[in-house]
Amino acid sequence: MKLPFHIVQLLKAKSGSELRQPSDCEILSLDIESKTGVHIGSTTLKRLVGFAQDERTPHASTLDAIARYLGYAHWEELSKIEDKGNSDFDAPEGEVRSADLLPDACVEITYLPDRKVRFLYLGNHRYRVIESLNSKLKVGDEVEILNFVLHHPLLVINVWRSGESLGHFTAGRVSGLSSIVVQS
């Protein structure tokens, strides 16, 4: 089984590797193990990202470990994230892509029950939290985010607080983001 394209893209972003060579899967294996405590062999990862042709279905624990690495509770939750496709000219309605923003843009999100966070875009998928109401994210935190999608959970690839990496963070797990406002 090969993972869907959009999930491979999330793995690339989280690991910081383009996964261009089979040997990159060895580094990904170590990163997944260091972040989740679960070992996934590089051979399995080669199969899942498309370097080896093999249609065997991986163990559920393997898929769950990948989901946890990407900030989701389990594979079922991650697999519900819609594939937005890999070739279009405009972002789908309700999606804001970090790659489409200019530095110093502000993105404000809300999610239930009464959470509000404003981010200042720094470039290269990095943001600084400039306002936080009832969220676990704090003013001054720096975060890495690929995109914001209305009615979907927000996947924060990494959170840095006072220079220390806190790992991934997911906001709006149950009902997703209620609103997204971009101010240039």
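Me: Are Tyr121 and Tyr127 buried or exposed?

Reply: Tyr121 and Tyr127 are both buried, a term that denotes under 20% relative accessible area, with exposed meaning over 50% and partly exposed the range in between (1.4 Å probe, protein chains only). The structure is a predicted model, in which local features need pLDDT of at least 70 and side-chain atom pairs count only at pLDDT 80 or more, whereas totals for chains, interfaces and linings use all residues. Residues are numbered from 1 along each chain as its sequence is written, and side-chain values use heavy atoms, with hydrogens and water left out.

Confidence is given as pLDDT, the predictor's score for each residue from 0 to 100. The chain averages 88, and 93% of the residues score at least 70. Strand S4 (residues 126-133) has the highest mean, 97, and helix H5 (residues 75-79) the lowest, 84; such elements are DSSP runs numbered from the N terminus, helices (H or I) having at least four residues and strands (E) at least two.

Tyr127 has a relative accessible area of 0% and is therefore classed as buried. Phe119 likewise counts as buried, at 0% relative accessibility. Rings of Phe, Tyr and Trp (its six-membered ring) pair if their centres lie within 6.5 Å; planes under 30 degrees apart are stacked, those over 60 edge-to-face, and the rest tilted. By this rule there are four aromatic pairs. Phe119 and Tyr127 form an edge-to-face pair, because their ring planes stand at 70°, with the centres 5.8 Å apart. The pair of Tyr121 and Tyr127 is tilted, because the planes are at 50°; here the centres are 4.8 Å apart. Ring pairs join Phe119, Tyr121, Tyr127 and Phe148 into a cluster.

Phe148 also belongs, with Val129, Ile145 and Leu177 among others, to a second, separate nonpolar core of 21 residues. A nonpolar core is a set of buried Ala, Val, Leu, Ile, Met, Phe, Trp, Tyr and Cys residues joined through side-chain atoms within 4.5 Å. The largest such core has 24 residues, Leu3, Ile66 and Tyr72 being among those with the most contacts inside it.

A salt bridge requires a side-chain nitrogen of Lys or Arg within 4 Å of a carboxyl oxygen of Asp or Glu. The whole structure contains 11 of them. One joins the side chains of Lys116 and Glu131, at 3.3 Å from N to O. Lys116 lies in strand S3 (residues 115-123) and Glu131 in S4, so this bridge ties together parts 15 residues apart in sequence. Lys116 is partly exposed, at 24% relative accessibility, as is Glu131, at 26%. Glu131 also meets Arg118 in a salt bridge of 4.0 Å, N to O. Arg118 is in S3, so this second pair connects parts 13 residues apart. Salt bridges link Glu108, Lys116, Arg118 and Glu131 in a network.

Arg128 forms a salt bridge with Glu142, the closest N and O atoms being 3.3 Å apart. Arg128 is partly exposed, at 31% relative accessibility.

Finally, Arg126 lies over the face of Trp160, 3.8 Å from the ring centre; the criterion is NZ of Lys or CZ of Arg within 6 Å of the ring centre and within 35 degrees of the ring normal.
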